[in-house]
Amino acid sequence: MNDSPHAPALAVASDLAEIEAVVDAAYRPYVARMGQTPGPMHDDYAAHVAAGRLRILRDAHGVAGLLVLIPEGTHMLLDNVAIAPRAQGRGYGRLLLDCAEAEARRQGFAAIRLYTHVSMVENVAIYTKRGYDETHRAEENGLQRIYMEKPLD
């Protein structure tokens, strides 16, 4: 069975159950570390799908990852990138980040921004390695967040 991922594609309503399962599986391990539920576990994925903001990455086993992009004035917000634990370590996150940056450029944005919880140190390291710089830290909705930005060439 070929396990290579398909190109990221816009999600449709029939993908919702798989999307929510990936989000739960990807973020559930952080609950104990954070002492609270991560923000992405509260998002309205049906609304993201309906608005055309959610892309999925499929492999031979179904939805392997997802990406939520929200245009915001002067920049693209990378609102969420999540990989199913069964698919982690295969370069799918890198593929989705490449997709996010390409889509931001395609839409004419000069920068892409994101935020992550301070306890998600692995994510901060990944984003820093990809050229994102921390812009500030703030508390939002009871969550301690690190905000990052990457200029797009």
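Colleague: Leaving aside its neighbours within four places in sequence, which residues is Glu 101 in contact with?
Modeller: Keep in mind this is a predicted model. In it, Glu 101 is in contact with Ile 112, Arg 130, Tyr 132, Lys 150 and Leu 152, once those sequence neighbours are set aside.

Colleague: And is Glu 101 buried or exposed?
Modeller: Buried. Its relative accessibility is 5%, and the cut-off for buried is under 20%. Glu 101 sits in helix 4, where the other buried residues include Tyr 92, Leu 96, Leu 97 and Glu 103.

Colleague: What covers the buried residues of helix 4?
Modeller: Several elements, among them strand 3 (62–72), strand 4 (75–83), strand 5 (111–117) and helix 5 (121–129).

Colleague: What span should helix 4 have, going by its 15 residues?
Modeller: At 1.5 Å a residue it should span 21 Å, and the end C-alpha atoms are 21 Å apart, so that agrees. After helix 4 comes Gly 108, with a positive phi near 90°.

Colleague: Switching to strand 4: how many of its residues are buried?
Modeller: Nine of the nine, so strand 4 is largely enclosed by the rest of the structure.

Colleague: In which sense does strand 4 pair with strand 3?
Modeller: Antiparallel, over eight bridges. Gly 65 stands opposite Ile 83 of strand 4. The hairpin has two residues between the strands, and Gly 73 there takes a positive phi near 60°.

Colleague: And with strand 5, which sense is it?
Modeller: Parallel, over three bridges, with Met 76 partnered by Ile 112 in strand 5. The chain gets from strand 4 to strand 5 through helix 4, in a right-handed β-α-β crossover.

Notes: Residues numbered from 1 in each chain as written. Predicted model: local features only at pLDDT ≥ 70, side-chain atom pairs only at ≥ 80, totals over all residues. Heavy atoms only, no water. Helix = DSSP H or I, 4+ residues; strand = E, 2+ residues; numbered from the N terminus. Expected span 1.5 Å × (residues − 1). Buried < 20%, exposed > 50% of the residue type's maximum accessible area, 1.4 Å probe, protein only. Contact = heavy atoms within 4.5 Å. Pairing = 2+ DSSP bridges. Right-handed = clockwise from strand over helix to strand, strands pointing away.
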